[in-house]
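The following exercises are to be worked with the sequence and the structure at hand. Each task is followed by a solution in steps.

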Amino acid sequence: MSDALRELLAAAGIEARLGDALACYGALVLETNRSFNLTGAKTVDEIAAHLIDSLSVLPWIENDLVDVGSGAGFPAIPIAIASGIPIVAIESTRKKATFLERVLARFDLKGEVVSQRAETAAHRADLRERFSSATARAVSSAPTVAELVLPFVRIGGAAVLQRGSMDERERAALADAGLMLGAEVEREHALHGGRSIVVLRKIAPTPLRFPRRTGIPEKRPLCM
């Protein structure tokens, strides 16, 4: 598995040393996926695509990173491997959190895993408005993801959201929700396949009522 991943990563232009480490991590994901449902990616090609996609956010990551809903570790683990910055992975499923702890130790990465829901973790004094960068690959609406990640971001930092195609209604809702949460849309960077990276810059503290209690951000997205 590792050799096949190395070849796919090299074909994507990733230099050999980084490709070796990413391939080892990707192979570990595939191996672990046989024991329990760690990720929907089941093949070498699918894992390679996740690894490459994770690196696409690197230009907007600064100093440290919190990743919300980390799952198998995309994009936080590839970012940590590539950059060496410390990460905090927020993952409420205990089996997935344990896997992430193993990965941090195995690859000697700086960081920790918090096995809590984002709605709970974001109200902790040691995590709230602490981070320069935040990511989340959640499939929820953009305002929902913004509500879950922005409370972790310090003023001047950025939430970097990987999104599929957004219609104008969702785009407008994200802009309005961002302002409610203390941020503004700084840029939307188009990727292939209609996907994009949206950068939300934190300009003011997030009001303490956000994020709302567990499940509400998804059930009732802000401004939609």
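Predicted model: local features only at pLDDT ≥ 70, side-chain atom pairs only at ≥ 80, totals over all residues.

**Exercise 1.** Describe the largest nonpolar core and the contacts of Tyr25.

*Solution.* 
Step 1. The largest nonpolar core has 44 residues, and those touching the most other members are Leu5, Leu22, Tyr25, Val29, Ile47, Leu51 and Ile77.
Step 2. Among the elements that supply two or more residues to this core are the helices α1 (2-11), α2 (16-33) and α3 (44-55), together with the strands β2 (87-90), β5 (153-163) and β7 (196-202). With eight residues, α2 provides the largest share of this core.
Step 3. Neighbours within four places in sequence are set aside for Tyr25; the contacts of Tyr25 then include Leu51, Phe74, Ile77, Pro78, Ile81, Val103 and Phe107.

**Exercise 2.** Is Leu28 buried or exposed, and with which residues is it in contact?

*Solution.* 
Step 1. Leu28 belongs to helix α2.
Step 2. Leu28 has a relative accessible area of 3%, and is therefore buried.
Step 3. Beyond its neighbours within four places in sequence, Leu28 is in contact with Phe99, Arg102, Val103, Arg106 and Phe107.
Step 4. Leu28 and Ser2 are 26 residues apart along the chain, yet 8.9 Å separates their C-alpha atoms.

**Exercise 3.** In what order do the strands of the open sheet lie, and which strands are at its edges?

*Solution.* 
Step 1. The open sheet is formed by seven strands with mixed pairing, in the order β3-β2-β1-β4-β5-β7-β6.
Step 2. β3 (111-114) and β6 (183-190) each pair on one side only, and are the edge strands.
Step 3. From one strand to the next, the twist averages 20°.
Step 4. β6 and β7 run antiparallel and are joined by seven bridges. His189 is found opposite Ile197 of β7.

**Exercise 4.** Work out how α8 is placed on the sheet and which of its residues are buried.

*Solution.* 
Step 1. α8, residues 168-180, lies across β5, β6 and β7, at about 145° to β6.
Step 2. Check the span: the 13 residues of α8 reach 19 Å from first to last C-alpha, close to the 18 Å expected at 1.5 Å a residue.
Step 3. Glu170, Ala173, Leu174, Ala177 and Gly178 are the buried residues of α8. Their arc around the axis is only 135°, so they are on the same side of α8.
Step 4. Glu168, Arg169 and Leu179 are exposed on the other side of α8.
Step 5. The cover over the buried residues of α8 includes α7 (142-149), β5, β6 and β7.

Definitions and conventions
Residues numbered from 1 in each chain as written. Heavy atoms only, no water. Core = buried A, V, L, I, M, F, W, Y, C linked by side-chain atoms within 4.5 Å. Buried < 20%, exposed > 50% of the residue type's maximum accessible area, 1.4 Å probe, protein only. Helix = DSSP H or I, 4+ residues; strand = E, 2+ residues; numbered from the N terminus. Contact = heavy atoms within 4.5 Å. Pairing = 2+ DSSP bridges. Axes fitted to C-alpha atoms, helices over the stretch in contact; angles between N-to-C directions. Expected span 1.5 Å × (residues − 1). Arc of directions from axis to C-beta.
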